[in-house]
Amino acid sequence: VESFYFSYEYDLTQRVESHRFAPFQAIGSCNAMFMWNHRGAVEIESTGVSGIAVPFIIGFVGQANLELNGQQAKLSLVSRRSRFRPGTRFIVRGTDPDGNVANHVETEQILEIANDVYTYTQVRGSIPVFWSQRANVSYKPKPRVVRDKTRTDAAERSAVAKHVKDLAQAYRGQQLFINLVNQKGSEKTMSDALTKAVDAHANEVDLVTFDFHRECSKMRWHRLSLLMDRICGIIDQHGYTTVSADRTLTSTQKGVARTNCMDCLDRTNVVQSMIGRHVLEKQCGHGFTLENAPSALRAFKCLWADHGDAISRQYAGTNALKGDFTRTGKRDLRGLFNDGWHSIHRYVLQNFYDGRKQDGLELIAGRAEVVRGLSSPFANRQRRNMSLTLFGSLVAIALCVMAVRSREILSTDMQAFGLYTVLTTGLFFGILRNGSDFVVRPCLRDDH
């Protein structure tokens, strides 16, 4: 199955610095955040049967052979998606009260060269505040900060503190939050919420805000260098992990770069690939640059583009937008056309298919269970779908009847055209006004 990965030899839920390529031992040593079959495996072992459960992750695993500085090398990307707040794009946003964020993905870049292994880890994740962006058949629903009896200001501060603490415990050192959302319109609301949330953690978090769409508008992709100039010094301070041939840790990464846009997909993957390239060139040393190794640069870009597509399909259902820039280093009309097609595809998925996908993720992650004897939670959705189908059928029949009888009722074609225009416009705005009623919702969670 695409995006599901397991290994009989190594624990894929852990970073290289934790297992150092030692054989997989037991379920108890796995990272529960990234082990998607954790609940089932624990239940199996509780019966006294051990040694048969193998942890699997959802994410991405890819490899490429490169020639760097005249030496053969292998570059791997291993991405692990958190199971603690699983979901699809417009159903699961922000954080829960425990600091678990939507679309949280840990990406480890592993370079094997000259018997040494170098790794660098970065993460992505939804803006860690209480917010939602509920699908309502509009192209881009407006995001909103959520406040209710349980999601209060105090609860949000606690959730942010837990999120920062979890990152500090996992990656040590200073955290770099890279915020790529627009600094105007509805996205600015979320950017301001992020700034306010991390202000209380200024001693632990460096926040860098970069309006990706404004800075790179009109194909000005070279302006991404402005962002890299601001963050490379901090990334260099974080360092990277080195494992020698005898599995000894000779250096460890201390700190992590956490990147977000609204979806943490398209803009995020572009920037993460640039960070990965910067670190790779540092690891090679001697002033090495991938520009002087065209075949290695091409393989590096393709690996990161494949990674972005895989992570995007899991959360949004399509390949990543802006993937042509990640893959080739430039934008063209074909890439713009592909982005348009993917956007249309995403629109259909977010409104009419992601609800069912969300239910599947809830079951896989062990957040919902099937209980014998209870009524099916899907029965209401089936009745609702039948009602919408009946409504659509009646509207279609009415329009067909009017098309046949219009010449008998109306004296001119202009009158018929005017009537159809009024009816179509009314139907269109009626659907928009009640858009949420037409969206297929999940049955196993409240998607507010």
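Predicted model: local features only at pLDDT ≥ 70, side-chain atom pairs only at ≥ 80, totals over all residues.
The ring of tyrosine 10 pairs edge-to-face with the ring of phenylalanine 21, because the planes stand at 80° and the centres are 5.7 Å apart. The points below cover the aromatic rings, the salt bridges, the strands and the nonpolar cores.

**Aromatic rings**

- A pair of aromatic rings is described by how far apart the centres are and by the angle of the planes.
- The structure holds six aromatic pairs.
- One of them joins phenylalanine 4 and phenylalanine 56, with 5.4 Å from centre to centre and 45° between the planes, and this pair is tilted.
- Phenylalanine 4 belongs to strand E1 (residues 4-6) and phenylalanine 56 to strand E2, so their pair ties together parts that are 52 residues apart in sequence.
- Phenylalanine 4 counts as partly exposed, with a relative accessibility of 30%.
- In the edge-to-face pair, the centres of tyrosine 10 and phenylalanine 21 lie 5.7 Å apart.
- Tyrosine 10 sits in the loop between E1 and helix H1 (16-19), while phenylalanine 21 sits in the loop between H1 and helix H2 (38-46); the two residues are 11 residues apart.
- Phenylalanine 21 is partly exposed, at 22% relative accessibility.
- One aromatic cluster is formed by Phe212, Trp221 and Phe325.
- A charged residue also meets a ring: arginine 258 lies over the face of phenylalanine 177, 5.1 Å from the ring centre.

**Salt bridges**

- Side chains of opposite charge can pair when their charged atoms come close.
- A search of the whole structure finds 27 salt bridges.
- One of these links glutamate 187 and lysine 140, at 3.2 Å from N to O.
- Glutamate 187 is buried, at 3% relative accessibility, whereas lysine 140 is partly exposed, at 46%.
- Aspartate 153 and arginine 147 form another salt bridge, in which the closest N and O atoms are 2.6 Å apart.
- Aspartate 153 is partly exposed, with a relative accessible area of 42%, and arginine 147 is partly exposed at 34%.
- Aspartate 309 meets arginine 327 in a salt bridge of 3.3 Å, N to O.
- Aspartate 309 lies in helix H8 and arginine 327 in helix H9 (residues 323-328), so the pair connects parts that are 18 residues apart in sequence.
- Aspartate 309 is buried, with a relative accessible area of 11%, and arginine 327 is partly exposed, with 28%.
- A network of salt bridges links Arg15, Glu17, Arg80, Glu106, Glu108 and Arg172.

**Strands**

- E3 pairs with E4 in the antiparallel sense, over nine bridges.
- Within this topic, arginine 80 has glutamate 106 in E4 as its bridge partner.
- E4 also pairs with strand E5 (residues 116-124), in the antiparallel sense and over nine bridges.
- Glutamine 109 stands opposite tyrosine 120, which is in E5.
- The hairpin of E4 and E5 has two residues between the strands, and alanine 114 takes a positive phi near 55° there.
- E4 is largely enclosed by the rest of the structure, because eight of its nine residues are buried.

**Nonpolar cores**

- The largest nonpolar core has 29 residues, and those that touch the most other members are Leu68, Leu75, Leu111, Leu280 and Leu290.
- At least two residues of this core come from each of strand E2 (56-68), strand E3 (71-81), strand E4 (105-113), helix H7 (266-284) and helix H8 (294-315).
- H8 supplies the largest share of this core, eight residues.
- Leaving aside residues up to four places away in sequence, leucine 290 touches Leu68, Arg277, Leu280, Glu281, Ala296, Leu297 and Phe300.
- Another core, of 23 residues, lies apart from the largest one, and its members include Leu224, Leu227, Val279 and Phe325.

Note on methods:
Residues numbered from 1 in each chain as written. Heavy atoms only, no water. Core = buried A, V, L, I, M, F, W, Y, C linked by side-chain atoms within 4.5 Å. Buried < 20%, exposed > 50% of the residue type's maximum accessible area, 1.4 Å probe, protein only. Helix = DSSP H or I, 4+ residues; strand = E, 2+ residues; numbered from the N terminus. Contact = heavy atoms within 4.5 Å. Pairing = 2+ DSSP bridges. Phe/Tyr/Trp six-rings, centres within 6.5 Å; stacked < 30°, edge-to-face > 60°. Lys NZ or Arg CZ within 6 Å of the ring centre and 35° of its normal. Salt bridge = Lys/Arg side-chain N within 4 Å of Asp/Glu carboxyl O.
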